[in-house]
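The stops below are given in the order in which to select them.

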Amino acid sequence: MTKKQLLTEHAIKLGNIIKDYRLALSLEKKSRQYFIDDRINKQLLPEDWISEKTLTNIENGYNMPSLVTLKYLSIALEVDFLVLINAIEKYILPSENSNRN
(Lines give C-alpha, C1' and ligand atoms only; values in the text may rest on other atoms or scores of the structure.)
Protein backbone atom coordinates (compact mmCIF):
# COMPACT_ATOMS: atom_id res chain seq x y z
CA MET A 1 0.00 0.00 0.00
CA THR A 2 1.38 3.41 -0.90
CA LYS A 3 1.74 6.25 1.58
CA LYS A 4 -0.94 8.23 -0.30
CA GLN A 5 -3.45 5.38 0.07
CA LEU A 6 -2.55 4.98 3.75
CA LEU A 7 -2.93 8.71 4.33
CA THR A 8 -6.31 8.69 2.59
CA GLU A 9 -7.57 5.71 4.59
CA HIS A 10 -6.36 7.28 7.82
CA ALA A 11 -7.87 10.66 6.92
CA ILE A 12 -11.24 9.01 6.22
CA LYS A 13 -11.20 7.15 9.54
CA LEU A 14 -10.15 10.30 11.40
CA GLY A 15 -12.89 12.27 9.64
CA ASN A 16 -15.49 9.69 10.63
CA ILE A 17 -14.48 10.02 14.28
CA ILE A 18 -14.81 13.82 14.11
CA LYS A 19 -18.19 13.51 12.40
CA ASP A 20 -19.42 10.98 14.98
CA TYR A 21 -18.49 13.34 17.81
CA ARG A 22 -20.29 16.20 16.05
CA LEU A 23 -23.44 14.18 15.41
CA ALA A 24 -23.46 12.96 19.02
CA LEU A 25 -23.92 16.52 20.28
CA SER A 26 -27.47 17.40 21.28
CA LEU A 27 -27.88 20.14 18.71
CA GLU A 28 -31.17 21.23 17.21
CA LYS A 29 -29.90 20.52 13.67
CA LYS A 30 -27.21 18.14 12.41
CA SER A 31 -25.79 20.29 9.59
CA ARG A 32 -22.15 21.33 9.65
CA GLN A 33 -23.04 25.01 9.23
CA TYR A 34 -25.45 24.87 12.16
CA PHE A 35 -22.72 23.25 14.27
CA ILE A 36 -20.22 25.98 13.34
CA ASP A 37 -22.75 28.78 13.95
CA ASP A 38 -23.86 27.26 17.25
CA ARG A 39 -20.29 27.06 18.54
CA ILE A 40 -19.71 30.71 17.56
CA ASN A 41 -23.04 31.87 19.04
CA LYS A 42 -22.18 30.14 22.32
CA GLN A 43 -18.86 32.03 22.23
CA LEU A 44 -16.86 28.83 22.40
CA LEU A 45 -14.77 29.84 19.40
CA PRO A 46 -14.07 32.91 17.24
CA GLU A 47 -16.08 33.53 14.08
CA ASP A 48 -13.29 32.49 11.76
CA TRP A 49 -12.29 29.28 13.54
CA ILE A 50 -13.30 27.01 10.62
CA SER A 51 -15.30 27.15 7.40
CA GLU A 52 -18.02 24.69 6.46
CA LYS A 53 -15.91 23.59 3.47
CA THR A 54 -12.91 22.86 5.69
CA LEU A 55 -15.04 20.88 8.15
CA THR A 56 -16.60 18.96 5.24
CA ASN A 57 -13.15 18.15 3.84
CA ILE A 58 -11.92 16.93 7.23
CA GLU A 59 -15.00 14.79 7.86
CA ASN A 60 -14.85 13.29 4.36
CA GLY A 61 -11.14 12.51 4.61
CA TYR A 62 -9.87 15.02 2.06
CA ASN A 63 -7.88 17.04 4.62
CA MET A 64 -5.92 16.10 7.70
CA PRO A 65 -6.52 18.75 10.38
CA SER A 66 -3.61 20.63 11.90
CA LEU A 67 -2.91 20.49 15.60
CA VAL A 68 -4.49 23.94 16.03
CA THR A 69 -7.62 22.81 14.17
CA LEU A 70 -7.80 19.69 16.33
CA LYS A 71 -7.65 21.90 19.44
CA TYR A 72 -10.49 24.05 18.11
CA LEU A 73 -12.46 20.93 17.21
CA SER A 74 -12.03 19.51 20.70
CA ILE A 75 -13.51 22.72 22.13
CA ALA A 76 -16.34 22.76 19.59
CA LEU A 77 -17.09 19.07 20.10
CA GLU A 78 -16.98 19.52 23.88
CA VAL A 79 -14.40 16.76 24.14
CA ASP A 80 -11.22 16.97 26.17
CA PHE A 81 -8.30 17.55 23.79
CA LEU A 82 -6.41 14.50 25.04
CA VAL A 83 -9.50 12.30 24.67
CA LEU A 84 -9.83 13.44 21.06
CA ILE A 85 -6.12 12.87 20.37
CA ASN A 86 -6.33 9.39 21.91
CA ALA A 87 -9.33 8.59 19.71
CA ILE A 88 -7.53 9.58 16.50
CA GLU A 89 -3.85 8.98 17.31
CA LYS A 90 -3.49 5.82 15.26
CA TYR A 91 -4.68 7.77 12.21
CA ILE A 92 -2.33 10.73 12.64
CA LEU A 93 0.84 8.93 13.72
CA PRO A 94 2.69 6.63 11.34
CA SER A 95 2.62 3.00 12.38
CA GLU A 96 5.74 0.86 12.47
CA ASN A 97 4.34 -1.29 9.67
CA SER A 98 3.90 1.69 7.33
CA ASN A 99 7.57 2.65 7.85
CA ARG A 100 8.70 -0.75 6.55
CA ASN A 101 6.95 -0.42 3.17
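**Setting up**

This is a predicted model, in which local features need pLDDT of at least 70 and side-chain atom pairs count only at pLDDT 80 or more, while totals for chains, interfaces and linings use all residues. Residues are numbered from 1 along each chain as its sequence is written, and side-chain values use heavy atoms, with hydrogens and water left out.

**Whole chain**

Colour by secondary structure: the protein has 6 helices and 0 strands. Helices here are DSSP runs (H or I, at least four residues), strands likewise (E, at least two), and both are numbered from the N terminus. From the N terminus on, the order of elements is α-α-α-α-α-α.

Next, colour by accessibility. Of the 101 residues, 37% count as buried. Buried means under 20% relative accessible area, exposed over 50%, and partly exposed in between, with a 1.4 Å probe and protein chains only. A contact is a pair with heavy atoms within 4.5 Å; among contacts between residues at least 6 apart in sequence, 56% join residues at least 24 apart.

**Helices α2 and α3**

Select residues 32-41 (α2) and 52-59 (α3). Their axes come within 9 Å and cross at roughly 120°. That angle makes α2 oblique to α3. Axes are lines fitted to C-alpha atoms, for helices over the stretch in contact, and angles run from 0 to 180 degrees between N-to-C directions. Under 35 degrees counts as roughly parallel, over 145 as roughly antiparallel, 65 to 115 as roughly perpendicular, and the rest as oblique.

The crossing of α2 and α3 is right-handed. The term right-handed applies if the near helix is turned clockwise from the far one by less than a right angle, and left-handed if anticlockwise.

Show side chains for the contact: R32, Q33, F35 and I36 come from α2, and E52, L55, T56 and E59 from α3. By class, this contact has 3 nonpolar, 2 polar and 3 charged residues. Ala, Val, Leu, Ile, Met, Phe, Trp, Tyr, Cys and Pro count as nonpolar, Asp, Glu, Lys and Arg as charged, and the others, Gly among them, as polar.

Now look at burial within each helix. In α2 the buried residues are R32, F35, I36, D38, R39 and I40. In α3 they are L55, T56, N57, I58 and E59. Then select the residues that come after these helices: α2 is followed by Q43, with a positive phi near 60°, and just after α3, G61 has a positive phi of about 85°.

A salt bridge is a side-chain nitrogen of Lys or Arg within 4 Å of a carboxyl oxygen of Asp or Glu. A search of the whole structure finds 5.

Select E59 and R22. They form a salt bridge, with the closest N and O atoms 2.7 Å apart. E59 lies in α3 and R22 in α1 (residues 3-24), so the pair ties together parts that are 37 residues apart in sequence. Both residues are buried, R22 with a relative accessible area of 5%.

What is R22 in contact with, leaving aside its neighbours within four places in sequence? The residues are K30, S31, R32, F35, L55, E59 and L77.

**A salt-bridge network**

Select D38, R39, K42 and E78, which are linked in a network of salt bridges. The side chains of D38 and K42 meet at 3.4 Å, N to O. D38 is buried at 10% relative accessibility, whereas K42 is partly exposed at 49%.

R39 forms a salt bridge with E78, the closest N and O atoms being 2.6 Å apart. R39 lies in α2 and E78 in the loop between α4 (67-76) and α5 (81-92), so this pair ties together parts that are 39 residues apart in sequence. R39 is buried, with a relative accessible area of 1%; E78 counts as exposed at 54%.

**L14**

For the last stop, select L14, which lies in α1. Its relative accessible area is 0%, so L14 is buried. Leaving aside neighbours within four places in sequence, L14 is in contact with I58, M64, P65, I88, Y91 and I92. Draw a C-alpha to C-alpha distance from L14 to I88: the two are 5.8 Å apart in space and 74 residues apart in sequence.
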